[in-house]
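Student: Let's go through this model feature by feature, please. I'd like the cut-offs spelled out as we go.

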Amino acid sequence: MIKDQQRSIIIEFPLRGEWQAPTTPVKKIPSHGTNRMGLRFAFDFVQVDWEKERKPFYNTSFTRYFFFGVPLDKCYGWGKPIFAPCDGEIVTIRDGIPERAVVHWIVDSAIAIKNANSFNEYNDDFSQIAGNYLVLKCQNNIYMAFAHLQTNSIKGVVGDRIKKGEKLGNVGHSGNSTSPHLHFQLMDSADIAQSNGLPFLFEEYEVYRKGVWESVYNQIPAHTDRIRFYKK
């Protein structure tokens with residue numbers, strides 16, 4: 001059951017520009033199919049080409065993606081900046097994990113399946129699945145995890161105080177990633193292995209409906225929503 005006080009966790013959207021949330025707790029809970037590691041209400045955010053039927057995340061042909069894979073610099077979301085959704089303190093950083101230079105559905109899916117079947121959060125390094133990641137303490141018992149970041153893009157060091165809207169790093173393709181994207185979740189502990197996921201709302205963003213951008217407040221996006229956010 002979602003506690004009333006948890007419903008009031010309202011934060012700023014962590015990205016800028018247009019995004020899709022293919023994995024969202026609007027679609028199902030737990031959103032990633034498990035309550036382990038604070039994943040219950042987690043999101044994935046990816047950039048896509050909304051004008052094409054398949055809504056690809058890459059700027060090349062489907063044939064190239066399917067047979068040969070796509071270089072990271074041909075992926076829309078790769079390298080896009082990530083921003084702090086609240087004032088906070090950096091409590092964990094793991095950086096320097098190499099990204100795969102080519103996004104290929106067979107290779108990336110095989111890695112994801114292998115890790116899903118073998119990863120043990122109590123014995124294994126979390127970077128095995130999260131790649132480069134950062135944990136931000138927002139307030140007591142509220143922590144944010146940002147995963148799959150671009151190699152060597154994380155700003156600051158553990159202990160740094162961060163202001164809302166300050167850049168934290170870039171969207172990447174490290175760890176358990178089948179396309180460059182941001183994995184984002186709220187937790188009740190800095191210890192990801194022991195944490196419980198927390199539900200939350202974004203204080204403001206826009207949704208594209210019937211050819212018009214509409215502002216929404218204190219909501220979260222569905223997996224079909226075309227959303228955007230720009231800092232005012």
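**Rings**

Student: How many aromatic pairs does the count come to?
Tutor: With Phe, Tyr and Trp rings (six-membered ring for Trp) pairing when their centres lie within 6.5 Å, the count comes to 23 aromatic pairs. Keep in mind that this is a predicted model, where local features need pLDDT of at least 70, side-chain atom pairs need 80 or more, and totals for chains, interfaces and linings use all residues. Numbering runs from 1 along each chain as its sequence is written, and side-chain values use heavy atoms, with hydrogens and water left out. So by that rule, the answer is 23.

Student: What kind of aromatic pair do Phe-57 and Tyr-65 form?
Tutor: Planes under 30 degrees apart count as stacked, over 60 as edge-to-face, and the rest as tilted. Phe-57 and Tyr-65 are both buried, where buried means under 20% relative accessible area, exposed means over 50%, and partly exposed is in between (1.4 Å probe, protein chains only). Their ring centres are 5.4 Å apart and their planes make 85°, which makes the pair edge-to-face.

Student: And how is the pair of Phe-62 and Tyr-65 classed?
Tutor: Here the centres are 6.4 Å apart. The planes stand at 55°, so this pair is tilted.

Student: How far apart are Phe-62 and Tyr-65 in terms of helical turns?
Tutor: Both belong to helix 2, helices being DSSP runs of H or I with at least four residues, strands runs of E with at least two, numbered from the N terminus.

Student: Which residue lies over the face of Phe-62?
Tutor: A charge sits over a ring if NZ of Lys or CZ of Arg is within 6 Å of the ring centre and within 35 degrees of the ring normal. Arg-16 does this with Phe-83, at 4.2 Å. For Phe-62 the distance is 4.0 Å, and the residue is Arg-54.

**Salt bridges**

Student: Which residues are linked with Glu-12 in a network of salt bridges?
Tutor: Taking a side-chain nitrogen of Lys or Arg within 4 Å of a carboxyl oxygen of Asp or Glu as a salt bridge, the count comes to eleven. Glu-12, buried at 4%, pairs with Arg-16 at 3.3 Å. Glu-12 also meets Lys-231 at 2.6 Å. The network partners of Glu-12 are therefore Arg-16 and Lys-231.

Student: How many residues apart in sequence are the parts that Glu-12 and Lys-231 tie together?
Tutor: The side chains of Glu-12 and Lys-231 meet in a salt bridge. Glu-12 lies in the loop between strand 1 and strand 2, and Lys-231 in the segment after strand 17, so the sequence separation is 219 residues.

**Patch**

Student: Which helix gives the largest share of the nonpolar patch?
Tutor: Patch residues have over 30% relative accessible area (Shrake-Rupley, 1.4 Å probe, only the protein chains shown as cover) and no salt bridge, with like charges joined within 9 Å and nonpolar side chains (Val, Leu, Ile, Met, Phe, Trp, Tyr) within 5 Å. Phe-62, Phe-66, Phe-67, Phe-68, Trp-105 and Ile-106 make this one, about 620 Å². Helix 2 and helix 3 each give two or more residues. The largest share, three residues, comes from helix 2.

**Backbone**

Student: Which two residues does the cis peptide bond join?
Tutor: Look in the loop between strand 2 and strand 3, where Pro-30 sits. Omega is about 0° for the bond between Ile-29 and Pro-30.

Student: Is Met-37 buried or exposed?
Tutor: Met-37 is in the loop between strand 2 and strand 3, and has a positive phi of about 55° without being a glycine. Its relative accessibility is 7%, so Met-37 counts as buried.

Student: What is the relative accessible area of Lys-55?
Tutor: Lys-55 is in the loop between strand 3 and helix 2, with phi near 50°, again positive in a residue other than glycine. This residue is partly exposed, at 33%.
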